[in-house]
Amino acid sequence: MSGADPHQPLRDDVRVLGEMLGDTVRSAEGAGCFDAVERVRRLSKRARGGDEGAEDELTAFLTEMPDEEALPVARAFAQFLSLANIAEQHHRIRRRRDYLRDKAGAPQRGSLEDGFQRLLAAGVAPEALRELICDTRIELVLTAHPTEVNRRTLLQKHNHIAALLARGDHADLTPEERRGVEGELRREIAGIWYTDEILRRRPTVVEEANAGLLIFEQTLWDAVPRFARGLDDALSRHTGEGLPLGTAPIRFGSWMGGDRDGNPNVTPDATRRVCALARWMAADLYWHEVDRLRAELALEPASDELRARVGDVREPYRELLRGVRDRLDVTRRHAEAVVHKTAPPDGEPYLDAEALREPLMVLWRSLHDVGAGLVAQGRLLDLLRRLDVFGLTLVRIDIRQEADRHTEALDAVTRAVGLGSYAAMSEEERQRFLLRELQGRRPLIPRGLETSDAVRDVLDTFGVIADAAEGSLGAYVISMATSPSDVLAVELLQKEAGVARPLRVVPLFETLSDLEGAGAALARLLDLPWFRARCGDSVEVMIGYSDSAKDAGLLAASWALYRAQEGMLEVCRERGVTLTLFHGRGGTVGRGGGPAHKAISALPPGTVGRSMRLTEQGEVIQAKYGLADIALRSLELMLTAVAEANLRPPPSPEPAWRALLDRLSDTAKATYRGVVREDPRFVPYFRSVTPEPELGGLNIGSRPARRRAGGGVESLRAIPWVFAWTQTRLLLPSWLGVGAALRAALDGPDRQTLLEAATAWPYFRTQLSLVEMVVAKTAPNIHARYERLLCPEELLALGEHLRELLATTRAALLEVMGEGELLEQNPTLRRSVDVRNPYVDPLNILQAEILRRVRAGDESLDDVLWVTVNGIAAGMRNTG
């Protein structure tokens, strides 16, 4: 790499975009508004530099700002932060390309080249590396969660700006072309300013899924074959053989339209329509791809096999593809009819991926037979690679429902048919009943059963599963699962619905107590002969990072998750069963988020395996897959991490380290629950100091913020719980309890063991670095501003206590990690946080004031509030 500052182009991009936004504000809103924005920006920068007078002046100026002026000022800062994010994303691509061009330098950390080189240098045999890659199955499950606060329209404009920045990097642009790029940038920024960024109504489940599936059309459709080509090339160079056709180490699933846990809007009809929507989008993408392939393949030489299919015609390849294209159109129209609830068209649609693959393979073989194999390696190969990954449905949609809903449904059935109350049965009685019915032939549920709407919803969902086209659905996930009967209940409901290809049933352990009992629960399930025959030699279990952290705090939850994975792995090994773990990670540290490569490398030895699933949630989807080159980087980081975890697993932790984590976990949990659960002031404080009460009124997603009306923190979903604390810059769920635990160890006999573990144990080191990142993003002075404006006087002491705990955490982290300032070892992230702070701070000050006015009865400020929420989310990045 050159000796020049590699980050100067990023600074130049941010400066140019900021200047263009300033020109837009001046033109659209007038010089007075522009001057106000500039005054706020200068004061905020001075305040961040330690100028107390500037901080007072900034606060007074924003607090006294008239309602009508607040909106454009808030929009200016929010849009600047979004533009800065775009510039940063593009700079990541720029840096990746620098690495790829520099053949003399070391490859980028975590790339395929880097990962394969290090594994082979460590003694891994080339054939073992290739075998592992070909056998790996990672499924990234995209979920629709209310943390992606940008409208689809704006995301498309943001991507166009990124493309223009990339075009501007070309050194061979003429002056006219460069002016053209600048003009397009100005027009796009102006277009964003004149676009209403506020979602005026809550999206339906189908609309939400449609927006979520955009990522496939936008980037993944093209990124996947590019990734496969890069992987094929890396395998060929390092192992002597490439990636076989039919092999797809990374695939995609979805919860959009299938996750009904606590979301009454996800009805059976919505699930049916979302499945059809995914099928429509896949058919549409394939149609266009086949159309382009048909235009390319004007060849005449053809195999006897192909001639037998199309007859003695000119351009035989085009002739076969014409029929494929026509059938894809029928497939597309059939799916569209389901989405829009209209009559299906005539014609035979494709029903499974193999039916589409068959004619494409005829072409593949023919091209190779006539000596045109090089032609087959182009668009046709990319099409086949897509089919390996996406099938006919782009994604397989999981169904998720809470265990109690199945209990309620079966209780209604047993009461109706005179078998008593299923809900009143003990666990042993439930298992006996369920196994008897599973092995029996008579139907349990009578036709036309009259029951409640809630029970009918559950039963009709299984009807949708029975009717679903092949490849549309993935797993059935049971949230709040605790016992084998939870799994058997779903198996029975599938049987009763006549599901011909039953979905695999996946228990989700998500509270601290459930995680602690996960190993024993899995052992009881696997020891049931019926279930063992059903699952064979493989089983899938999901572990929840979000609710466990909300229940016990980050450190205690993280350690419970670690031990639960170890325990379940041991149970499976003893029984000769392969365990697939499904990691329900969120976007933030407080919900199991963070860099995936680090997270995977920190998992317990042996638990990664060749099959794993993990969720990609909220704004993380756009951040990791919204641009093609970023998507490529994300995919290769995922694959290399899994390869390294299998071929060079981390060492098992020392017994002393495990004992240390037991004690740290106990201290952290006691501190966390002492505040969140046991302090009667906490819930009213939380609802006063954060915008949580208002978040439910924002039209961010289809899902309610709470599982049920009323209640305290326990009824609040983990996403708005984290999101609300992120808005006020305290980020409490991601660190509360950690500092107290570290301080107790530092001041006691565990000090040396703590310092050793923090250095030598990948799991613990990763946890500390993630908490360090979060604490570096906090702004206790900003949080105190919310408190002074919004909290009753009797709650102020609690806020002071929380900031003291944060200070303790900050000091303990610095001592344990041997640093003088946070993020000392990550200057790039430190710089990013420092650049953002002066632009996020004014939004926080304004939001606190707007909340005060809204709660005083001013309902005209909802738009300003939404814009501040959006802007702070953009500035903080990983929000929920």
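1. V541 has L581 of strand β7 as its bridge partner. On another strand, β8, M612 stands opposite L581. Strand β6 (residues 538–544) runs parallel to β7 and is joined to it by 7 bridges, while β7 and strand β8 (residues 611–617) are parallel and share 3 bridges. Two strands are taken to pair if DSSP finds at least two bridges between them. Helices (H or I, at least four residues) and strands (E, at least two) are DSSP runs, numbered from the N terminus.

2. The model is a predicted one, in which local features need pLDDT of at least 70 and side-chain atom pairs count only at pLDDT 80 or more, whereas totals for chains, interfaces and linings use all residues. Residues are numbered from 1 along each chain as its sequence is written, and side-chain values use heavy atoms, with hydrogens and water left out.

3. Is strand β7 enclosed or open? Of the 7 residues in β7 (residues 578–584), 6 are buried, so the strand is largely enclosed by the rest of the structure. Buried means under 20% relative accessible area, exposed over 50%, and partly exposed in between (1.4 Å probe, protein chains only).

4. The aromatic pairs number 24. Rings of Phe, Tyr and Trp (its six-membered ring) pair if their centres lie within 6.5 Å; planes under 30 degrees apart count as stacked, over 60 as edge-to-face and the rest as tilted. One of the pairs is F252 with F390, which is stacked at 6.2 Å centre to centre with 20° between the planes. Because F252 belongs to strand β2 (residues 250–254) and F390 to helix α15 (residues 379–390), this pair ties together parts that are 138 residues apart in sequence. F252 is buried at 4% relative accessibility, and F390 is buried with a relative accessible area of 2%.

5. F682 and W725 also form a stacked pair, with 6.1 Å centre to centre and 25° between the planes. This pair links distant parts of the chain, 43 residues apart: F682 is in helix α29 (residues 682–689) and W725 in helix α31 (residues 718–727). Both residues, F682 and W725, are buried. Elsewhere, ring pairs join W559, Y562, W657, W761, Y763 and F764 into a cluster.

6. The charged end of R332 sits over the ring of W287, 4.9 Å from its centre, and R430 lies over the face of Y422 at 4.9 Å from the ring centre. A charge sits over a ring if NZ of Lys or CZ of Arg is within 6 Å of the ring centre and within 35 degrees of the ring normal.

7. I161, in helix α7 (residues 152–168), counts as buried at 0% relative accessibility. Neighbours within four places in sequence aside, I161 is in contact (heavy atoms within 4.5 Å) with L17, L83, I86, L185, E188, I189 and I192.

8. For the protein chain as a whole, the secondary structure comprises 38 helices and 8 strands. The radius of gyration, taken over C-alpha atoms, is 28 Å, close to the 29 Å that the globule rule gives for 880 residues, so the chain is as compact as a globular protein of that length. The globule rule is 2.2 Å times the number of residues to the power 0.38. Of the 880 residues, 59% count as buried.
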